[in-house]
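This report describes one protein chain, shown below.

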Amino acid sequence: MIMKLKDTQNGNRHFNHSICVKCTFCRFGLIELEPNSIAQNSLISSSSSSVFLMVSTQPLFDKFIAVLDGDPEIDVIGLSMKEYPAEFVENHDHKLAISPRCCNAIYMSAMKVILKSDGDPQDLDALDKATRAAVLINGECATAWNTRRRRLQPLDFNKERRLSALVLSRNHKSAETWCYRKWLLAHNELNSEQRITAFHEELLFCNQEAVLYPMNYHCWTHRKWTLDHLAASTQTTEQFTRILDDEDRWTETWVRRHPSDHAGIHYRGVILERTIQHLSSDSQRLDELTVELSWITRLIRILPGHEALWYHI
C-alpha cells in the first residue's frame, strides 16, 4: 500500500499519525500506524513535496491470527465502530472486533498464501491460518472454503463447525458458509448415533441464527435440508414424528412473532407437508389441514396486513 505523509507548516517532513491511503489494495481509505511501526515496516522514499511509504500487510495478518489462536472460545466477530481504535484487533469477553481499516490488508495477506499454495506442497499450518483469516474477513470466499475441503483433510468436525459459526456471526447470510456446513454434515466419519445428534444440534443452531438474524432465507433453507437428512437418518417413524411435532410448535411461536418472514412461514408449510406424508389416512390429513387453516385464518385477523400469512393459505 502506498501511504502519503503530510508536510509540517515549516516544510519539514514528519511521521503523521493519521495517514490517508487510496490504492487498489485498501478500499477503506484510512489506516493508522504508530510512528515507530512505520519506521520498522516501511520502505521510505521522498520527493520534493511529500514522503511515500510502502507498508507491509503481514504484521496485521500475524496479529489477527495470534488473537484467534490465543482465544479458541471467540464466538462473535464484527467490525469496530471506533473512529480511532487503540488496536486494529480487539478481543473482549470472547467477542472479536476488527477495525475496517485493516480488513483488506489481512485479506490480501491471506489470499497471497492461498493462491501461492495451489499445486505446491505448502505448509499446512500456514494454509490453515490463511484460509481461516480469509473466510472470517470474507465469508463468500469460495477459494478459501474449497482449499480447506481439498488440502486440509482430515478436518476436525467440531472445530470446523465453530469456525463457520464464527463467520456467520458477522455475515449471517453467507451462502458459501451455509454450504460449507452442509458439506461438513454430509462428509464426516460420524456413526449413526453421532450423526443424528449432529443434525439435532444443527436444528438448534438454526433456531439461534433465526432469532438473532430474522429474514434469513439461507438459514431456513439450511434448516429444511437438515430436517430432510435427519428424516433419512432416523430409524423409526415415531421418532421423526416427534421431531415434526417439536418443529411445528417452534414455528408456530416463530410465525406469531415474525408474521412478515416469508422464509420462516414457508418452512412451516414444509413441516405441514412432511406431517401429512406420515399420516396413515385421508381423514387424518384433512383434519391436519383444517386445523392449520383455522390457525392461520385466526392469525390473519389478529395481525392484518402481512402478505406472507396470506401466501401460507
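A second polar contact, of 2.7 Å, joins the side chains of Glu160 and Arg148. The model is predicted: local features need pLDDT of at least 70, side-chain atom pairs count only at pLDDT 80 or more, and totals for chains, interfaces and linings use all residues. Residues are numbered from 1 along each chain as its sequence is written, and side-chain values use heavy atoms, with hydrogens and water left out.

Glu160 belongs to helix 6, residues 157-170. Helices (H or I, at least four residues) and strands (E, at least two) are DSSP runs, numbered from the N terminus. With a relative accessible area of 4%, Glu160 is buried. Buried means under 20% relative accessible area, exposed over 50%, and partly exposed in between, with a 1.4 Å probe and protein chains only. Not counting residues up to four places away in sequence, Glu160 touches Arg148, Leu155, Tyr180 and Leu184. Contact means heavy atoms within 4.5 Å.

Ser169 is also found in helix 6. Its relative accessible area is 12%, so Ser169 is buried. The side chain of Ser169 reaches the backbone nitrogen of Ile77 at 3.1 Å. Beyond four places in sequence, Ser169 touches Asp75, Val76, Ile77 and Tyr213.

Arg181 lies in helix 7 and counts as buried, at 4% relative accessibility. Between Arg181 and Phe157 there are 9.8 Å in space, C-alpha to C-alpha, and the two are 24 residues apart in sequence. Leaving out residues up to four places away in sequence, Arg181 touches Arg161, Ser164, Ala165, Leu168, Glu202, Phe205 and His222.

The charged end of Arg181 sits over the ring of Phe205, 3.9 Å from its centre. Likewise, the charged end of Arg268 sits over the ring of Trp295, 4.3 Å from the centre. A charge sits over a ring if NZ of Lys or CZ of Arg is within 6 Å of the ring centre and within 35 degrees of the ring normal.

Next come the pairs of aromatic rings. Rings of Phe, Tyr and Trp (its six-membered ring) pair if their centres lie within 6.5 Å; planes under 30 degrees apart count as stacked, over 60 as edge-to-face and the rest as tilted. By this rule the count comes to eight aromatic pairs. The table gives two of them.

| Pair | Centre distance | Plane angle | Type |
|---|---|---|---|
| Trp178 and Phe205 | 5.9 Å | 55 degrees | tilted |
| Tyr180 and Trp183 | 5.7 Å | 25 degrees | stacked |

Trp178 lies in helix 7 (residues 175-186) and Phe205 in helix 8 (residues 192-212), so this pair ties together parts that are 27 residues apart in sequence. Both Trp178 and Phe205 are buried. Tyr180 and Trp183 both lie in helix 7, three residues apart, about one turn of the helix. Tyr180 and Trp183 are both buried. Ring pairs also link Trp220, Trp250, Trp254 and Tyr267 into a cluster.

Helix 9 (residues 217-233) has 17 residues. From its first C-alpha to its last, helix 9 reaches 24 Å, close to the 24 Å expected at 1.5 Å a residue. The expected span is 1.5 Å times one less than the number of residues. The buried residues of helix 9 include Trp220, His222, Trp225 and Leu230. They pack against helix 7, helix 8, helix 10 (237-257) and helix 11 (262-277).

Which residues have the most contacts inside the largest nonpolar core? They are Phe64, Leu96, Ile98, Ile106 and Leu136, in a core of 69 residues. The largest share of this core, eight residues, comes from helix 3 (residues 100-117). A nonpolar core is a set of buried Ala, Val, Leu, Ile, Met, Phe, Trp, Tyr and Cys residues joined through side-chain atoms within 4.5 Å. Leaving aside neighbours within four places in sequence, Leu136 is in contact with Phe64, Leu68, Ile77, Leu163, Leu166, Val167 and Arg170.

The protein has 13 helices and eight strands. Of its 313 residues, 43% are buried. Among contacts with a separation of 6 or more, 57% are between residues 24 or more positions apart.

How values were computed: Polar contact = N/O pair within 3.5 Å; in protein donor to acceptor, adjacent residues only side chain to side chain.
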